[in-house]
Amino acid sequence: MIGADLSRLATSVVFGALHGLYACVPIALFGHFLARVRDADGRLLPCVGLHSLYNLLMLALFTAFPQVRDLYQPSP
């Protein structure tokens, strides 16, 4: 068995990697934060709420500033 710290780190890295090149580090950090919230609270629901709030904020940011959204689009 691997410990909780290593499993949080591995999960965060995979979570970040699945979100693309430019977003991988901030998303990995966010994933690690969500894992810590899950460990502290013992429930998944607060993580779902925080992830939804984050997505809503990113939607607002990308809508207001399309040039920021373009940074996260893969180049052809």
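Contact here means heavy atoms within 4.5 Å. The views below all come from a predicted model.

**View 1. Helix α1, end to end.** This helix takes in residues 4-17. How far apart should its ends sit? At 1.5 Å a residue, the 14 residues of α1 should span 20 Å.

**View 2. The buried side of α1 and what covers it.** Arg-8, Ser-12 and Gly-16 are the buried residues of α1. They sit on the same side of the helix, because their arc around the axis is only 60°. Part of the cover over these buried residues comes from α2 (24-41). Turn to the face pointing away from the buried side, and there you'll find the exposed residues Thr-11 and Ala-17.

View 3. Ser-12 belongs to helix α1. Is Ser-12 buried or exposed? With a relative accessible area of 5%, Ser-12 falls under the 20% cut-off, so it counts as buried. Leaving aside residues up to four places away in sequence, Ser-12 touches Ala-28, Gly-31 and His-32.

**View 4. A nonpolar patch on the surface.** Which residues make up this patch? They are Ile-2, Leu-6, Leu-9 and Val-13, and together they have about 380 Å² of accessible area. One of them, Val-13, is found in helix α1. Val-13 has a relative accessible area of 48%, so it is partly exposed; the label "exposed" is kept for values over 50%.

Note on methods:
Residues numbered from 1 in each chain as written. Predicted model: local features only at pLDDT ≥ 70, side-chain atom pairs only at ≥ 80, totals over all residues. Heavy atoms only, no water. Patch = residues over 30% accessible without salt bridge, like charges linked within 9 Å, V, L, I, M, F, W, Y side chains within 5 Å. Areas by Shrake-Rupley, 256 points an atom, 1.4 Å probe, with all protein chains shown as cover. Salt bridge = Lys/Arg side-chain N within 4 Å of Asp/Glu carboxyl O. Helix = DSSP H or I, 4+ residues; strand = E, 2+ residues; numbered from the N terminus. Buried < 20%, exposed > 50% of the residue type's maximum accessible area, 1.4 Å probe, protein only. Expected span 1.5 Å × (residues − 1). Arc of directions from axis to C-beta.
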